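Me: Hi! Could you walk me through this one with me?

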Amino acid sequence: MKKNYLLFMAMLAFTLIVHAQTANDNPRERLWQAFLTPPDSIRVGCYYYWVNEQVDPKGVVADLEWMKENGITLAFLATDIRDRTTWDNPWEGQAFGKNKFQSRLWWKNLRTALKTAGRLGIEMGLFNCPGWSQSGGPWVKPEEAMRNWTSHGIEVCKTKEGTDVMCSPCSPDAQGLEVDKLSKHHVQKHFEAFIGEILRRIPQKDRPTLTTVVVDSWERGKQNYTDSIFSKFRQRFGYELDYTNPACQKDLDRLIADLVASEYMGGLTEKAHEYGLRTWCEPYAHSPFPANSITYGSAADEVAAEFWVDDRKFRQKEVDAALGSARRSGKNRVWAESFTDGWPELAKDDWSFEKLKPIADRYFHAGINASILHVMISQPGNDRKPAVRPWFGTYFDRRSQHASDLKPLVTYLRRCNFMLQLGKPLDGANDRRILNDGTKIRFTEESFFEVTFPDGRQEYWNPAQPQPSATAMPEQLQFSKAIVSGVSWYDQHGETVSAHGANIIRDGGKYYLFGEYKTDSANVFKGFSCYSSDNLTDWHFEGIVFDQQPDGRMGPDRVGERPKVLRCPATGEYVMLMHTDNLQYKDPCTCYATSQTITGPYEFQGPLLYKGEPVRKWDIGSFADDDGHAYLLVHHGIIYRLATDFHSLDSCLMNGLKGAGESPAMLKKDGTYYWLSSHTTSWERNDNMYWTSNSLSGPWEYRGEFCPKGSLTWNSQCSFVLPLENGSFMYMGDRWSFPRQRSAATYVWQPLTIADGKLTIPHYYEAWDPLTMQQEIVNSKKLHEKKWQSQVIGDSLSIPYTGRRIALYGTTDNMSGYADITIRDQRGHKVFGGIVDFYSLVPATGIRFLSPMLAKGKYTLELRIASMKPNWTDKRRNQYGSTGHKVEITHVMIE
């Protein structure tokens, strides 16, 4: 009887739900429909050029309406382009219009463009200077310009013709010196003079879809001097820079490369973020390039390559630069300035869908998965006037003779972009992807998408002429909607979700999870992470939104813990609270950072002050009340109210609560406040407690434990309580695992029960649905008895299986340790690696490991007892953790 009960409970705990589904619930059908009509987030864009001042408001509106009609929903505007460049064509023979740089008409046209784009839902970007290259304008003074040290002294950089290096190609009134690329101060001053002035002159309501600052490919040569070059060189290399000594040149080149990345591209990105914008760049050059493409591109938010219609050779350099920097910085999208063309001997309007499609396909195979058309030229509002036709670009505008081919081309590109942005690269291939459920996508040589579903079934989808498939997929192909506690979770890349000491806020219909991004070695701050989800079960890694600082309270060799993000209703700003400390926990301080966007990056602002003094405490929590006020919760029962802008504390409502401990959390239900807290046992689990009050200032009543006594809060420590849309609440706790916090620490998220003022988690659900708040039942799963136990370091267990996912159940106790997990496919290739913690202070039996969803196939799971065990000391030098290395498996479940 007991055995049958355990089998039944194991079946309950596994993840997938068996529901009757409609066709729209079928994952294959959802993917097919999204392929046919990709989501709005998949935008095909264009370079939108204003050439030779031939621009008027009526034409601007017509340009943007033409884009929208043909599916283009992203436009990068370069103002003041000149038909001929300074490096190959003279000024003579060019006709200019009335749209003079920063004239009243210019401002009217720009406002019209941004406002119309907002009305049409077209996302806009602005090149960061007049023309397309690089960063300069009339406001740049010689002492702020690109300069070189020469034997004659310091000089403004020159072109090969001997003229000053200026932004180009642009109209006479807009032309000016190129800014110093080695000085963040000068770069950001340039940004303020052009982009900043636009943002000040045109209000937010008239530019609602302006999101991006564009930096085109490098075309402005090299510089070797900036005001601080000697001190920077000395600081970097420990000796004096001597321009006349050839031995210095290699180190000087390295320094310049780093400064171009950090001071120029990094400076532009930093300033763009201050205004809530992002940067988009092409990390390579068509002239001598002083930077490293990888670090330069990594300093931008988005990166791009380019390819030409007349491609006599494959653009390997540009593709490698964009792919390399994208992979280095974790970017999924790799854009391409697509179908560039130039020089008089090349046709500009002789294009068609059939001609351009194979060129795009070639670069899709190379790793491009986001498309920007080059180029859309603004045309006069009066169609009786001649079309504006410069020497460069393929003409995609409304006056093109192949205008009817634009919509089919854009539709094709969107479908390809959508499929090639899904999931993550498979086996390192640029044209193959794998989704979280194991579905594989391959872009074939015939330009079809081969879709292989987890059950082995294949379909071929044609992005040019898709036909609805009459074949339905089996009902068992379903995504999990269950929260599974006590096991590692995985993001869209298959990496372990690392966000401990966390909180969640809901914003724009999504859940955003913020927490500590841990390491597997030391308790050193590396950053705070952010993940987003539509359903609390599938998590998308947004990135490290607050990184380790170069120095100071959040610098190297410091502790950073328990980030709590709040949206300030008064300002719309996102404010992140945090605890910082030294490694000995003897320098605690509550600090804060801010961002204009929820996914950051967050800028460090320093200590959170109360009456002008820092709050020198450690464990913190946050609580947002329903009246718009928000509160900082501090260990041992201290409550501060945040000021209106959330940048300081304006009052202390409670200065201690008898018996309260660490990791405070709070909720409010029917006018009653609930304070949750753990005992002070470091990362060890204990029976957490709660108090209630009708007022934040008290009095508070101690109510005891909210989980069964001795369960140690189901082996967790409270971190946050999330209010759900159905009126219920979700407890969020951490199951810490030092020193393998990155790989082996897990989460315990459980539905809270509140009845008659009593707060409880009476039962532990290993798997439950946050919509129904009910435990999940799984049918038709294979249960395999697989009893195994050892406490010898290096002992291993091998489990061959056929399926998509495998779960290990086992027993934990205070003598158990870590197990290293590896999954290999039938060719012996490693497809997964992880660490499982079998330690707990009190014995427990349940699910210990749940693999990511893989493609259906033959695999072997290898478990090996690790030499390291969960073990640590607290700041008082108390010893915690396991006394042994035991690992015990009770059974295995395979799906």
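Reply: Happy to. Helix α2 (residues 27–36) and helix α11 (residues 406–421) have axes that come within 8 Å and cross at roughly 140 degrees. Axes are lines fitted to C-alpha atoms, for helices over the stretch in contact, with angles from 0 to 180 degrees between N-to-C directions. Helices (H or I, at least four residues) and strands (E, at least two) are DSSP runs, numbered from the N terminus.

Me: What does that make α2 relative to α11?

Reply: Oblique. Angles under 35 degrees count as roughly parallel, over 145 as roughly antiparallel, 65 to 115 as roughly perpendicular, and the rest as oblique.

Me: Which residues make the contact?

Reply: From α2 they are L31, A34, F35 and L36, and from α11 R415, F418 and M419; contact means heavy atoms within 4.5 Å. By class there are 6 nonpolar, no polar and 1 charged residues. Ala, Val, Leu, Ile, Met, Phe, Trp, Tyr, Cys and Pro count as nonpolar, Asp, Glu, Lys and Arg as charged, and the others, Gly among them, as polar.

Me: Where do these coordinates come from?

Reply: The model is predicted; local features need pLDDT of at least 70, side-chain atom pairs count only at pLDDT 80 or more, and totals for chains, interfaces and linings use all residues. Residues are numbered from 1 along each chain as its sequence is written, and side-chain values use heavy atoms, leaving out hydrogens and water.

Me: And what does the chain's pLDDT average?

Reply: The average is 89, and 92% of the residues score at least 70; pLDDT is the predictor's confidence in each residue, from 0 to 100. Where pLDDT is low, the predicted coordinates should not be read in detail.

Me: New topic: is Q223 buried or exposed?

Reply: Q223 is buried, at 5% relative accessible area. Buried means under 20%, exposed over 50%, partly exposed in between (1.4 Å probe, protein chains only). Q223 sits in the loop between β6 (210–215) and α6 (229–237).

Me: What does the Q223 side chain make a polar contact with?

Reply: The side chain of D180, at 2.8 Å. A polar contact is a pair of N or O atoms within 3.5 Å; within protein, one must be able to donate a hydrogen and the other to accept it, and residues adjacent in sequence count only if both atoms are side-chain atoms. The backbone oxygen of Y225 also lies 2.9 Å from a polar atom of the Q223 side chain.

Me: And K385?

Reply: K385 is partly exposed, at 45% relative accessibility, in the loop between β10 (370–377) and α11.
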